[in-house]
Amino acid sequence: MKRGSSAKKKRAPEADGPSPAPPRAGRVAIVGRPNVGKSTLMNALVGEPLAITSSHPQTTRDRLSGVLTEGGVQYVFVDTPGIHAPRSKLGVRMNTLAEDAARGADVVLFVTDAALPSPADTKILATVPAAVPVVLVVNKVDTVRPKEKLLPTLEAWAKVREFSAIVPLSARTGDGAERLLAEIERHLPEGDAIFPEEELTDRPLRYFAAEYVREQILRASRAEVPHGVAVVVEEYDESRRVPRIRLVVHVAKESHKAIVLGERGERMRQIATSARARFEALAGRQVHLEIFVRATPGWQDNPRALSDLGYGGDTEET
Ligand SMILES: Nc1nc2c(ncn2[C@@H]2O[C@H](COP(=O)(O)OP(=O)(O)OP(=O)(O)O)[C@@H](O)[C@H]2O)c(=O)[nH]1
Ligand SMILES: [Mg+2]
């Protein structure tokens, strides 16, 4: 999918500066525990709110590439699910996707929130091959005041392993993002762009229709409901002036249907309105969303259902 006309133009190559550096391009996997801000970081780096984010852990369930091309450098960021102790086949698949992405990357961004290293962090880091450069991103520094409080955290992290760089950053405000891009660039291999310059993501638009509905459900619900929600595009009818997208929201329990719908369907109406606005901003055109809610108990552990809901297939390929 290409960048829309709304996308802000990134730094252009210098017209008459010193002779241009050779082009660079590479894959940059963004990995870490759930909820540390990986998807928010990817959005800040590509300059578009592409990936879904929420305060629930395990928001991201799949790999998603976001592409930034500027000044002869192409960064292909790969957002991944937070690596966690899995409790379902879905969770196992999520972890595998993230670990594979790190193994196949030219650079790994290991993201942590502004906290001391935990055993879960070191376990994840141990799965990254020693040959892959790892940049440590200490995210959410906007929550640390005064700034000096961060120093013991950074010192503790420096002892965990050899990092190519340690970058304190706020994905929410974008503070530190430019420095991070410069650190990544140094480790990207020389070579031509992987995607066309205007490409924004490897995913088709319909992927985001389902994701943006799921995001609004995550934001509107609490506790156990979000982990049992999957959203599938059943029909994408572009023959009309305003395309119509029919989606089915699968919930893991019959009782969750009423929660997602709300009284007289009011919650679902709000979810649909917000998801539509978000989707229209990305697509740059109007759409109609038609959303149905269905109970599909146990789908997270059923290989057939996982595949039907878009979480099946080869974990080696995106
Ligand atoms: N204060 C603050 N909050 C942040 C920052 N970055 C992310 N967050 C918040 O942290 C929460 C999790 O963000 P996500 O980007 O969804 O985290 P994630 O690592 O992708 O999570 P999973 O997909 O579940 O692994 C959200 O509520 C974000 O708004 C930051 O720099 N500062
Ligand atoms: Mg995420």
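Before starting, one definition: a residue is buried if 20 or more other C-beta atoms lie within 10 Å of its own, exposed if 12 or fewer, and partly exposed in between, with C-beta atoms placed from the backbone. Helices (H or I, at least four residues) and strands (E, at least two) are DSSP runs, numbered from the N terminus. With that, 7 of the 9 residues of β1 are buried, leaving the strand mostly covered.

Some housekeeping: this is a predicted model, in which local features need pLDDT of at least 70 and side-chain atom pairs count only at pLDDT 80 or more, while totals for chains, interfaces and linings use all residues. Residues are numbered from 1 along each chain as its sequence is written, and chains are lettered from A and ligands numbered from 1 in the order in which they are written.

**Exercise 1.** Work out the strand order of the 6-stranded open sheet, and find its edge strands.

*Solution.* Start with the rule: two strands pair if DSSP finds at least two bridges between them. That gives the order β2-β3-β1-β4-β5-β6, with mixed pairing. Next, look for strands that pair on one side only: these edge strands are β2 (64-70) and β6 (165-168). For angles, axes are lines fitted to C-alpha atoms, for helices over the stretch in contact, and angles run from 0 to 180 degrees between N-to-C directions.

**Exercise 2.** Go through the pairings of this sheet and name a bridge pair where you can.

*Solution.* Take β2 and β3 to begin with: they run antiparallel and are joined by 7 bridges. Valine 67 has valine 76 in β3 as its bridge partner. In the hairpin of these two strands, 2 residues sit between them, and glycine 71 takes a positive phi near 55°.

Move on to β1. It runs parallel to β3, with 7 bridges, and arginine 24 is partnered by valine 73 in β3.

Then comes β4 (residues 107-113) with β5 (residues 134-139), a parallel pair joined by 6 bridges. Valine 111 turns up again, with valine 137 as its bridge partner in β5.

**Exercise 3.** Which strands does α1 touch when it packs on the sheet, and what angle does it make with β3?

*Solution.* Contact means that the C-beta atoms of two residues, placed from the backbone, lie within 7 Å. By that test, α1 touches β1 (24-32), β2, β3 (73-79), β4 and β5. Its direction makes about 160° with that of β3.

**Exercise 4.** Why is β2 largely enclosed by the rest of the structure? And is alanine 177 buried, exposed or partly exposed?

*Solution.* Count for β2: 6 of its 7 residues are buried, so the strand is largely enclosed. Now count for alanine 177: 18 other C-beta atoms lie within 10 Å, so this residue is partly exposed. Alanine 177 belongs to helix α5 (residues 177-187). Beyond its neighbours within four places in sequence, alanine 177 contacts Ala44, Leu45 and Leu169. Alanine 177 and leucine 41 are 136 residues apart in sequence, yet 8.4 Å apart in space, C-alpha to C-alpha.

**Exercise 5.** Describe the shell around ligand 1.

*Solution.* A residue is near a molecule if its C-beta atom, placed from the backbone, lies within 6 Å of it. This picks out 23 residues, the closest being Gly37, Ser39, Thr40, Thr60 and Gly82. Helix α1 (residues 38-46) contributes the most, with 3 residues. To sort by class, count Ala, Val, Leu, Ile, Met, Phe, Trp, Tyr, Cys and Pro as nonpolar, Asp, Glu, Lys and Arg as charged, and the others, Gly among them, as polar. The shell then splits into 5 nonpolar, 14 polar and 4 charged residues.

**Exercise 6.** How many residues of domain 1 are in contact with domain 2?

*Solution.* The bounds come from an automatic or database domain assignment, which gives domain 1 (24-187) and domain 2 (205-308). Their centres, taken over C-alpha atoms, are 27 Å apart. Across the boundary, 8 residues of domain 1 are in contact with 12 residues of domain 2. The domain 1 side has 2 nonpolar, 5 polar and 1 charged residues.
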